[in-house]
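Let's take a friendly tour of a protein, looking at how some of its side chains pair up. Have the sequence and the 3D view ready.

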Amino acid sequence: YLTAANTTHYGLQDILQRAGFQRIVDARQLADASERRDRRHAPGSATDSVLCTRGLSRLRALLASHRGPVFLHVHAQNAHIPYRIEDRRRFADRDLADDRLRFLAAQEETDAVFASLQQAVLQLLCEPGEPAIPPLFILSSDHGQSFGEHGYYSHGSAVTVEQTVVPLYLQHPHFARSQVPISSHYDLLPTLLD
């Protein structure tokens, strides 16, 4: 489990351990020494770009001694409150004082981070000289976000399109390119593992 978030928040670390994750790499391991010494950078303040740098280095080290199948879950942090945008020149073409517009910019940047991470993971898993078993990539979200639509804010406050319609993207060389207009996350993981 790889994330720029601090998994001690909201009891996430306990949930992940009960779910059976063997390794949890979070903001506490990804912060560099200067960030750990600087009180302005409390553990948990890492941003998603660290996934492609220190996160990838940690993953490379873990895979060096690992044999067999790998399940990697990557959790993005920037598109959560306060909706962080790291590359403001590239992703700040909106009024960032507006929460909804900052959220949308954070989503765009997260997409770019995940595209970079996907390419890096592909190179890592399919190194020259090794038999390449192409990985299955799944991109999704656990919830949407309301910004006053129908009188609701945040998430978990209503069953509305803004809070429940999320992406579900699967990529594998053996899959035909298709689009399914409506699907469900119900039993997604057991179905994929089957």
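This report covers aromatic pairs and then salt bridges.

## About the model

This is a predicted model, in which local features need pLDDT of at least 70 and side-chain atom pairs count only at pLDDT 80 or more, while totals for chains, interfaces and linings use all residues. Residues are numbered from 1 along each chain as its sequence is written, and side-chain values use heavy atoms, with hydrogens and water left out.

## Aromatic pairs

Rings of Phe, Tyr and Trp (its six-membered ring) pair if their centres lie within 6.5 Å; planes under 30 degrees apart count as stacked, over 60 as edge-to-face and the rest as tilted. By this rule there are five aromatic pairs. One of them joins F21 and F71, a tilted pair with 6.0 Å from centre to centre and 45 degrees between the planes. This pair links distant parts of the chain, 50 residues apart: F21 sits in the loop between helix 1 (12–19) and helix 2 (27–30), and F71 in the loop between helix 4 (54–64) and strand 2 (74–75). Helices (H or I, at least four residues) and strands (E, at least two) are DSSP runs, numbered from the N terminus. Together with Y1, F21 and F71 form one aromatic cluster.

Now look at F103 and F147. Their ring centres are 5.3 Å apart and their planes lie at 45 degrees, so this pair is tilted. F103 belongs to helix 6 (residues 99–125) and F147 to strand 4 (residues 146–147), so the pair links distant parts of the chain, 44 residues apart. Both F103 and F147 are buried; buried means under 20% relative accessible area, exposed over 50%, and partly exposed in between (1.4 Å probe, protein chains only).

## Salt bridges

Side chains of opposite charge can pair when their charged atoms come close. A salt bridge here is a side-chain nitrogen of Lys or Arg within 4 Å of a carboxyl oxygen of Asp or Glu, and the structure holds five.

Where do R102 and D99 lie? Both are in helix 6, three residues apart, about one turn of the helix. R102 counts as buried because its relative accessibility is 14%, whereas D99, at 39%, is partly exposed.

R100 and E149 also meet in a salt bridge (3.7 Å, N to O). D93 pairs with R94, their closest N and O atoms being 3.4 Å apart, and D93, R94 and E108 are linked in a network of salt bridges.
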